[in-house]
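Please look through the sequence and the model below before reading on.

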Amino acid sequence: MHPRTFRVDYDHVTSVVCVVGSGLNVNLNRSAPPGSEFISVKSTATVQYSISPRPRETSHLSPIPLKGNSALLIRMSRASDYENDGKLSIRYYGEKKDVLGRVLLHLTAVEISLDVDADRDGVVEKNNANKGSWKWGSNGHGAILLVNCDSEQMFLKILDSEQDQVSKVSDLKDMSVMVLRTKGPAKLPEGYKLTMHISQGDAESVRVFRDRSSGVESNSLQNLLFNHFVKEYPLVLSNEVLSQEVPYLGGVSEMKFYVEGLRYPDKDFDGLISINLSLLEPISDGLPETPIFTDTAVFRVAPWIMTPNTLQPVEVFVCCTSDNYQFLKGMRNLVTKSGSKLKICHEYMNRGDRWMQ
């Protein structure tokens with residue numbers, strides 16, 4: 001992941017959020033006071049840094065020459081327990097090693113991971129290296145998404161994929177699980193927020209629901225009554241909602257989402273869908289926030305596979321009922337001649353439903 005360029009000013013305290021695993025790149029010359037010839041850098045234990053070009057070995061914290069292309073790469077080793085708990089300072093010196101200015105950074109580190117079952121073992125593992133790509137085959141990788149083409153409502157002639165809500169809990173079994181895992185302080189610094197987003201093209205093929213039980217709604221009587229009448233799995237992304245803020249829960253947290261496929265791959269749709277989770281940073285009043293980190297999970301919609309009736313049968317299933325003895329006798333003779341295997345479902349299993357055969 002490429003580090004993001006970050007601008008600092010001397011004689012100022014600057015607060016910044018850093019995602020663990022990513023970095024901040026500071027141009028040391030742009031923040032230097034006039035006449036600066038040397039620098040020194042000091043940080044707390046959770047802040048890791050390196051200077052390029054790499055300086056010659058010198059005594060601890062002694063000033064090193066400031067070159068025209070000097071840059072500082074900053075990383076955080078772990079998530080912060082509280083806001084601004086990481087500190088880094090840069091001192092600028094003149095030709096005679098006199099202090100000309102100082103930069104002070106306060107850093108807040110968070111861990112963010114949008115996770116899917118990228119290795120196809122039924123478990124949503126944390127931060128799989130292959131979650132953002134897809135490969136066919138037994139040695140392949142990437143999460144799989146089913147088209148939700150059945151109907152949980154017995155008496156309604158409406159497919160589940162045609163409804164923008166979760167009608168029954170059993171409907172979730174037709175969807176793929178996605179988990180947002182975060183770790184950090186109790187709340188993000190003011191103005192920072194998390195958003196989930198998809199492209200307009202992908203929105204025609206997918207919907208995303210959130211598990212309300214892993215959200216931040218309170219347990220007040222008002223909210224409990226409200227939750228009784230609204231969907232327990234609110235819609236997050238759809239053809240009409242391409243981007244939506246999602247809660248940051250603080251501490252070590254997981255938030256579960258359910259991804260629903262809406263259409264099968266065809267000549268105009270290769271089946272690949274990307275879902276993105278971004279951390280947004282405030283700029284100034286009147287300007288939109290800018291993404292400083294984005295994690296992406298990729299799904300491929302499973303194709304429609306139907307066995308043609310021209311294939312040679314392997315097994316034939318038939319029901320045994322109180323009035324189909326002659327039918328069973330004829331089927332047994334036919335199946336024996338064809339070389340297939342006959343499997344009979346008896347009445348205690350079929351409960352009189354002959355049409356399942």
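Predicted model: local features only at pLDDT ≥ 70, side-chain atom pairs only at ≥ 80, totals over all residues.

Residues are numbered from 1 along each chain as its sequence is written, and side-chain values use heavy atoms, with hydrogens and water left out.

Strands of a sheet pair through backbone hydrogen bonds, in either a parallel or an antiparallel sense. Here, four strands form an open sheet in the order 1-3-7-5, with mixed pairing; strands are DSSP runs (E, at least two residues) numbered from the N terminus, and two of them pair if DSSP finds at least two bridges between them. Strand 1 (4-6) and strand 5 (47-52) stand at the edges with a single partner strand each, so one side of each has no neighbour in the sheet. Neighbouring strands of this sheet are turned by 30 degrees against each other on average, direction ignored, the axes being lines fitted to C-alpha atoms and angles running from 0 to 180 degrees between N-to-C directions. Within the sheet, strand 3 (residues 24-27) and strand 7 (residues 71-76) pair in the antiparallel sense over four bridges, and Leu 24 has Ile 74 in strand 7 as its bridge partner.

Ser 22 lies in the loop between strand 2 (12-19) and strand 3. Its relative accessibility is 7%, so Ser 22 counts as buried (buried means under 20% relative accessible area, exposed over 50%, and partly exposed in between, with a 1.4 Å probe and protein chains only). The side chain of Ser 22 reaches the backbone oxygen of Val 19 at 2.6 Å.

The structure holds zero disulfides, a disulfide being a pair of cysteine sulfur atoms within 2.5 Å. Cys 18 is buried at 0% relative accessibility, whereas Cys 149 is partly exposed at 36%.

Side chains of opposite charge can pair when their charged atoms come close. Counting a side-chain nitrogen of Lys or Arg within 4 Å of a carboxyl oxygen of Asp or Glu as a salt bridge, the model has 14 salt bridges. One of them joins Asp 115 and Arg 181 (2.7 Å, N to O); this pair links distant parts of the chain, with Asp 115 in strand 9 (residues 99-115) and Arg 181 in strand 11 (residues 176-184), 66 residues apart. Both Asp 115 and Arg 181 are buried, and they belong to a network of salt bridges that also links Lys 131, Glu 254 and Asp 295. Another salt bridge joins Arg 78 and Asp 81 at 3.7 Å, N to O; here Arg 78 is partly exposed at 37% relative accessibility, and Asp 81 is exposed at 57%.

Conventions:
Polar contact = N/O pair within 3.5 Å; in protein donor to acceptor, adjacent residues only side chain to side chain.
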